[in-house]
Amino acid sequence: MFKLTSLNLNGLRSAATKGVADWVAELAPDCICMQEIRVQASDIEGRFEEMAGLKGHFHFAEKKGYAGTAIYTKHAPSAVVVGWGDAEFDAEGRYLELRFDTPKRKLSIISCYFPSGSSGEERQEAKFRFLKGFFPHLTALRKEREFILCGDINIAHKEIDLKNWRGNQKNSGFLPEERAWMTRLLDAGTDGAGLVDVYRMLKPDTTAEAYTWWSNRGQAYANNVGWRLDYHLATPALGALARSEQIYKTVKFSDHAPITVDYDFTL
């Protein structure tokens with residue numbers, strides 16, 4: 001089995017003080033994709049190059065203390081791709097792809113941090129730009145290789161993916177345009193990208209159990225007023241190999257919960 005975990009850390013240094021390395025050691029994943037690491041190369045040196053025996057790879061944002069992605073892996077990649085070719089969002093450290101290619105296969109694990117539009121109209125427009133450019137990237141990538149993208153997508157796709165869907169239809173993360181983008185991403189037709197929402201493949205009907213993010217306002221976490229924002233998105237051949245999933249709601253390194261999927265393959 002290949003154990004793959006995704007986690008928005010809301011700061012690698014902050015998570016480190018809360019024991020993330022010990023948790024990763026206990027979990028023992030083959031690979032863990034992290035988003036919003038909020039560090040620079042100078043912060044990594046001598047401290048975070050490895051975690052629980054896993055080798056770290058990073059995409060840093062140019063702006064200090066902002067965004068960024070990482071992948072810690074047990075297996076050495078054949079190639080590391082930093083950024084997806086969009087200058088605006090590559091400057092924010094939002095995409096890291098590790099390739100594990102052999103003569104018989106082309107396979108990638110991707111950590112991706114989608115923009116949030118919740119801070120205002122300007123960032124929502126940036127989010128729409130990201131979605132518009134990222135869709136053809138994923139479509140093209142799917143034509144040439146198998147991949148699993150783990151990430152904080154910042155979109156709850158359907159009504160069962162958040163607690164208060166009625167009251168959030170005009171809010172970033174559940175806008176009709178964002179949801180339509182997700183629907184198209186998962187559409188196997190000629191206009192879609194044909195990716196698999198792995199969690200929903202395994203758990204098609206869960207609601208309260210599915211949430212991975214809770215607002216820090218009020219008693220959202222205590223009352224499980226959450227959203228499902230963290231995904232595994234896979235090409236169909238890899239998605240079909242998913243066997244089990246787990247969302248670790250009681251693990252609190254940030255306002256997101258880690259999500260693990262076990263896949264029936266090895267690198």
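A salt bridge here is a side-chain nitrogen of Lys or Arg within 4 Å of a carboxyl oxygen of Asp or Glu. By this rule the count comes to 15 salt bridges. The model is predicted: local features need pLDDT of at least 70, side-chain atom pairs count only at pLDDT 80 or more, and totals for chains, interfaces and linings use all residues. Residues are numbered from 1 along each chain as its sequence is written, and side-chain values use heavy atoms, with hydrogens and water left out.

**View 1. A salt bridge joins Arg-13 and Asp-43.**
The N to O distance is 3.3 Å. Arg-13 sits in helix H1 (residues 12–17) and Asp-43 in helix H3 (residues 41–44), so the pair ties together parts that are 30 residues apart in sequence. Helices (H or I, at least four residues) and strands (E, at least two) are DSSP runs, numbered from the N terminus. Arg-13 is partly exposed, at 35% relative accessibility. Asp-43 is partly exposed too, at 21%. The terms follow relative accessible area: buried is under 20%, exposed is over 50%, and partly exposed is in between (1.4 Å probe, protein chains only).

**View 2. Arg-200 forms a salt bridge with Asp-161.**
Their closest N and O atoms are 2.7 Å apart. Arg-200 belongs to helix H7 (residues 198–202), while Asp-161 lies in the loop between strand E9 (146–152) and H6, so the pair ties together parts that are 39 residues apart in sequence. Arg-200 is buried, with a relative accessible area of 13%. Asp-161 is buried at 1%.

**View 3. Asp-197 meets Arg-228 in a salt bridge.**
The N to O distance is 2.7 Å. Asp-197 is in strand E10 (residues 196–197) and Arg-228 in the loop between strand E12 (226–227) and E13, so the pair ties together parts that are 31 residues apart in sequence. Asp-197 is buried, with a relative accessible area of 7%. Arg-228 is buried at 1%. Asp-161, Asp-197, Arg-200 and Arg-228 are linked in a network of salt bridges.

**View 4. Helix H6 (residues 176–186) has buried residues Glu-178, Trp-181, Met-182 and Leu-185.**
These residues cover an arc of only 95° around the axis, which puts them on the same side of H6. The arc is that of the directions from the helix axis to the C-beta atoms. An α-helix has 3.6 residues a turn, so residues three or four places apart point the same way. The buried residues of H6 pack against helix H5 (121–144) and strand E13 (230–234). Contact means heavy atoms within 4.5 Å.
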